[in-house]
Structure formats: structure tokens, C-alpha cells
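Here is a friendly walk through one model, from its charged pairs to its core and its sheet. Have the viewer open as you read.

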Amino acid sequence: MLLLGFIQMDFNKRMETKVILFAVICILSVVIPTEGTICKHAETCAQCFTLHKDCTWCADEVFQSGRTKYTRCDIEDNLIKKKCNSIINPDNDLQFIKNENLRDEIGNKTGIHIQPQVINLKLRPRKPHRIELAYREAKDSAVDLYVLMDLSASMKRSKETLSKLGQTLAKEMKKITKKFLLGFGSYVEKEIPPFVFTDSNITMCSDCAMTYDYRHVMKLSPNGTKFSQMVAAAEISGSNDIPEAGFDALMQTLVCEQIGWRSKSRKLVLFIAGSSFHTAGSGKLLGVVKPNDERCHLTAAGEYSESKVQDYPSVSQIRSQVNSKKVNVIFAVPKDQLMTYKHLSNFLLGSTVTTLQKDSANILDVIKSNYRAIVRRVQLRAENNENITVKFFSKCNSDELKETDVCENLDADSKVSFAVEIEVDKCPEKEADRKRTFTIHPIGLANTLTIHLELLCECNCTEATKDPDECSGKGVKKCGACICKENYVGRNCECDRENVTNQALDELCKNPDTGLICSDRGQCVCGVCMCDNIKSSKDRFFSEQYCQCDDYSCDIIDGKLCGGSKQGVCNCGVCKCKDGFEGPNCLCSTNNSTCIAENGFICNGKGICECGKCICDKESLHRGPLCEDCPTCSGMCSETKHCVQCKIFQSGNYTSEVCDKLCNDYEITAVEELSEDSTRKKCQFVDDDHCTFLYKYWYEGTKVSIEAKKGKSCPIPDYVVPLAVVIGIILLGIIALLIFKCVTTIYDRREYAQFLLSKEDARWSPRENPIYKVPKSTYMNPLYGGKKSYPE
């Protein structure tokens, strides 16, 4: 089992190593281009900039050394070393068009939530640019709240509760913002059987009106009293099925101008529902197959006119309009519908879900708490940014900058800074597509950052020369490079495909070893292989004449090919090791000093040294860094025990003849005390007489030396302890008796002395008997008047 444990540990370590190597390869897959890699593949100035953010172009008329023509597209340091005088390296450029400071809403001035507001950005492909964006919730910003309520029969008590809270709701919300408007609408179901009854004499309840789909009742207004009156006057109705036409009502609420939405307000829809909702496709059960067109269809009376013509909207249509109109939806639903609306809320940005009590008694708390939750949270979103990568970074109440578009738990005056990173991977082919405009805005707010983007896809060189001697007369020179006509290639357009067959050109590019053109890793251009990039990276290319070599496929050690330039270099997929290193990845040092065991042998003589580490023999039971550990074998202590017994103590299992024969290989000496040398291994055993003996052993070359302590440590005999206990008990008893005897004797003597003392005090005069009593009594006659008395 222990051996299996070591094997499992070794397997796990190998797996971890592979995972780490894979991660390192992924991290290093994008590197700064160097000469001979990605930049050299550009034939024009425009192509150069789209290859990598660090590629630059040399526009010198002549750019060569002797007969060697340099590659014009390279990193800037290399072009400077090659003495290029005209280096073109366009950089990103940011201009602020509108950059007003953040402010609260004061008077007719609308609040500003984000800064800046409008910018112009010239952006180079593959070179990201960061913009600092600040956000703060503006105080007293306009808020529009539209209450959209399910008025089926089961919601009658909720309607009554809401009608009583209109004035209170307006008053409470005005404590938060002075610019508050309130509106109301209701919905039930499409008036098509079998969802409803069409007979005017049949209703779902005694006081129910005829079923209707959606009805806009009250335009957004600051009048809370009017709101209460409108809600109280709204008619209750019903349907035959449980889901209602909430999506029809929500769509019309989002798209219709009759609602009264203000352009710069924070728009809220309180969606009060007693059951689930119908979505696109449900209308087919009623024979309604026309998709919802996402347009307003309200009559003058506020009724939805396309109820019997258009199907219910889909979730994606609702999502699109919520994002477009920048509306926050608050779903207030019963507890049994909570999960359904939570799933829906996950698709609608800026929406929340809360539990509605049976009689809607908590409706005021729902509105206030959800509004506070909305304004205490900001989430940024980019729109119209197709093929443009936008990333958001923020510290958001912490010290660590991390990638996130959300910041929560904001205080009333909290200011949040975001770093917006914008990047484009490549230039569009059409020049018209190189100028774009997109926006970034907080979800639920109309304030936006508008970005006018212009991609830098061309070089600002002089006009192309039309000298017939330039470019072999088969092209024009621009930015120092030839732009060849059709059917001509080469740096000077010298390759005429009309005079050379494709087969002849391909033969020049064919790898003689494999017979493949450019080893199937590149394109043959005018008889020269232009190697492809390696799939794992856009910045690495195959090399050599036929693109047969991959100089990046060697092992990566500590993030470096072949362990780094000091250990080896990767040449065509094979590590070429430098002096002092060996192995397939040049990781192994040729120095074996780390494999020397304490006994002076390499790997304790139980293995071989590879790459500075011991590999223990498989047939041996020894393991460990130096093959010194052997958990399952007896060990040197057990091997030398009997020799120490017979040589030092003349005991043990060995006879004198056997002892002389088997123990001559050990040098055993007796000492008074063992040495304190920690490198010597200590052994301890119990001899035949139950006494413990100690000794130490160590290696001197291949010979084992032993020093044994002369004396033994013998244990106390078994009978001593019980005997000592019995004697102790007897002695304690005798001592207790003696103490008792002494105490009683002393007490008796004190009592006797006290008696003698009392006796001395009790002595009387010899003339007086202490117990004598006079035998005479005298009585007085009360009737006798004389003075003389007589004895009795």
C-alpha cells in the first residue's frame, strides 16, 4: 500500500507539471514580435500596422546594407539599429469633445451621471487604449414610475390597496427626488376564446367587466390623488387560463409615447402580476400567427388595438426594447411565481424581482427598496460595438483593480471610476467601415459616453511615385515599398508570373525531404516560401527555406524555451544544449554533486544520477532524494544488532564461531559514552537479560563502523514494586499507630496533672466538716407580740 501511495504521488506530480507547462505555453503564446517573426511578413505599410501593435515601418527610399535589403516592417528598435531615418509608427490619439463635470439636477439643468460625454478616438488595430470614465448618481434626477398591474379577479384586493397608496407613494418618492411622475395601466388577457368568454352576458365574476388585453389608464403625472382615483375606477376582469397578457402590456408601455416618458429621466416600470405570462407562440393556439412588430398600437381611449392580430412578444423582443428605452423593470409577484420571474429577470438588464404579499400591503416598501437598490448599483454597457472589444475595469470600493462592469453598494455621493479598454483586432476591408460611432451608458440611464472611432489603417506617406524605373515599371512606390500590379510580385515587382509557370515556381519551394510545397506550412511566392504563423500564436512563424522548422516547439522550462539562452537554444524543434547542461530540454546539469549521499557514494550506491537527481533502482527497496530511505527493509540497525551483542556483551543468537564469521566486516568498539555526532545513526535494542543497550554506526567509505556503549540500562525486577508497596503500607500503619499512641499518652498525662491540681485546691480545715448541717431551725409566731423567742 505504501508503494502504491508513492506511485500515486509521483503520478499526481507529473500531472501537475503538465498542467503548469500547458498554462505557461498559453501565457507565452503572444510575445513581442522580433525581427524574423511576424513583422517581416508585411509587404506594405498598411499591412505592417495590422500585424501587431509593435510593428513599425521604414519609409526610406533606400533601406539596405550593401546588397542586403532589410525588411521594412519590424519593431522600432531594430529599425533604429539598421539606421532607418523615416520611421512610421502611428499611435492612438484621444480628443475630448464634451467633458462636462458630474453634477446634480438643478432647475432646468439635467443631471450629469457620467464623464466624459463625447470623445474622438483614433485607434490602431491590436493596440488597446484605455479611457477613464467617472460615474455618480445625480441628486434630484427625474424619475418616471409607471405601474402596470394585472387586474384579473384574483388581484381585486391588491388593486384596492394600491388605490389607497397613490398620494402616499407620490409623497414618499418626492422625498427622494423632486421630479417624480406617476402613471398607471392594467392588463388581463387577449379577448379571444378559449382564453376568455366572448358572450357579453358571461363574465368571470359577479362584478367583473368584459375581458380586455391592455389598457393605458393614466399618463405619467405628479398628481398622486389622480393616480388613486384612476386605480380605484379601473375595472376588474378575468380569463379562463392562468397566464396573462403581461408581455403585450409591457411592450406597449415601453414603445408608446402616450405613456409620457421623459427623455432624460430614470424610467421605472412596476410590473404587478398575480400569475405567469404568455410569450411568442402562445397566440397560435388562438389562431394569431402574425409576429409582434414592437410598435405602438394604442387607440385614443388607451386600448391595445392589435390584440387579436399580433402574437405575444418574445422574451428577446422585450429585452431589446428594455435595453433600447433604458428602462428598469421591477417585478412584484406572489411567492409561487418568484422563480419564474427570476428566470425572466436574468434576461432583462437592470430588472429586479420581489415578493408581493397577498393583499399587496408591502407595495410601497417594494417601490422604495427596489428604487434604492437600483440607484446604489451601476452597470455599464456598450452598444453598437460590433467587432470592437470593450472591457471595463474598476476598483469599486476596493484597492484592487479588476475587470468588471458592475459596482454595487454605492453611497448617495459615491463617485466610481471605470477604466474602459477599447481594442480592434483588424482593419475592415471597406474604407467606409473604418469610422464608427458607438456608445457606453449605465443601464437604466439615458446619459451616454459617445465614442467616434477612427481606425488607423493607412500610412500618412507622400503620394505614390509614378517613375517608370521604379518597381521594375510594374508598380508604384509608396512609403518606400513597391505596390505591384496584378500578376507581378517581389520587392521590386520583378517576378512575372506570365513568364514563369506556377509549376516551375512551386518546384523552387518544394521540400526535397517531404515533397510538400513549403512543407505545407506556407505559401510559395515567386519561388520563395512565405511561412505561415504557428496556430498557437499569431506572432510566431515557421522558419528555414522550406518552412520546415518550428523554433518554438521545444520544451518550455520556467517560461523559457530550453530553459533559457544560458542553458540551450531551440533549433528546428530540438534543444541544442550549452556546456554544463544536457537532456532533451537542457534542464539537466552535468554536475552530479547533488547526488552524493552521506556515505560518499552516488545515490547511496542504490541508483543513478540523472539531471542532478537520483533515480533509484527499481529492484531496490531504497527510495528518497539520495536513495537512502528504505521504509520496508530491515535497516542497518537490525543487520548489526547480533554482531554488537556477541562482540561487546557476549549475548544474542550468534555463537562465537558464527560471530567471527559474520561480523568481521564491521569495526566494533566499546566506549563509555556515545559520541554526539548527529551524522551517526543511533540504534537501541533489548538484550536477552531484558537490559537495553545502545550503539551508533556510520560509514567510512564502504566499511561500517560501530561504537557501542559499555553498560546496559536494566529495568527494575517485577517483584520490587509490589514489595515496596506492601512495605510502604506496613510502615505507614506502624507510623499511624505510633502517632496515635503518642497523642493518647500526652492527653492522659495532661488530664492526670489537671486532676492532681484540682485535688490540691479542694483541701479544708480539720475543725470544719464541709458536709455538716446545724440540726436547729427557728420559727416566728406571727401572733406573738413579745420579743422573746423559744426553741422548737
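## A charged trio

Is Arg103 buried, partly exposed or exposed? Arg103 is partly exposed, at 28% relative accessibility. (Buried means under 20% relative accessible area, exposed over 50%, and partly exposed in between, using a 1.4 Å probe and protein chains only.) Before going further, please note that this is a predicted model, in which local features need pLDDT of at least 70 and side-chain atom pairs count only at pLDDT 80 or more, while totals for chains, interfaces and linings use all residues. Residues are numbered from 1 along each chain as its sequence is written, and side-chain values use heavy atoms, with hydrogens and water left out.

Arg103 has a salt bridge to Glu100, with N to O at 3.1 Å. A salt bridge here is a side-chain nitrogen of Lys or Arg within 4 Å of a carboxyl oxygen of Asp or Glu. Glu100 is partly exposed too, at 31% relative accessibility.

## Bridges between separate parts

Next, find Arg136 and Asp104, whose closest N and O atoms are 3.0 Å apart in a salt bridge. Arg136 sits in strand S9 (residues 129-136) and Asp104 in the loop between strand S6 (93-98) and strand S7 (114-115), so this pair ties together parts 32 residues apart in sequence. Helices (H or I, at least four residues) and strands (E, at least two) are DSSP runs, numbered from the N terminus. Arg136 is buried, with a relative accessible area of 15%, whereas Asp104 is partly exposed at 21%.

Another such pair is Arg434 and Glu458, with closest N and O atoms 3.4 Å apart. Arg434 belongs to the loop between strand S20 (415-423) and strand S21 (435-442), and Glu458 to the loop between strand S22 (449-455) and strand S23 (475-478), so the bridge joins parts 24 residues apart in sequence. Arg434 is buried at 15% relative accessible area; Glu458 is partly exposed at 47% relative accessibility.

## The nonpolar cores

The largest nonpolar core has 35 residues, and those with the most contacts inside it include Leu145, Leu162 and Phe184. (Such a core is a set of buried Ala, Val, Leu, Ile, Met, Phe, Trp, Tyr and Cys residues joined through side-chain atoms within 4.5 Å.) Among the elements that each supply at least two of its residues are strand S10 (143-150), helix H5 (166-176), helix H6 (224-233) and helix H10 (363-375). The largest share, seven residues, comes from H10. A second, separate core of 32 residues includes Val255, Val269, Phe331 and Leu344.

Leaving aside residues up to four places away in sequence, Leu162 touches Val147, Met149, Phe184, Phe227, Val231, Ile272 and Ile363. Contact means heavy atoms within 4.5 Å.

## A three-stranded sheet

Now turn to an open sheet of three strands, ordered S4-S1-S5 with antiparallel pairing. Two strands pair if DSSP finds at least two bridges between them. The edges are strand S4 (73-75) and strand S5 (87-88), each pairing on one side only. Strand S1 (residues 55-58) and S5 pair in the antiparallel sense over two bridges, and Trp57 has Ile88 of S5 as its bridge partner.
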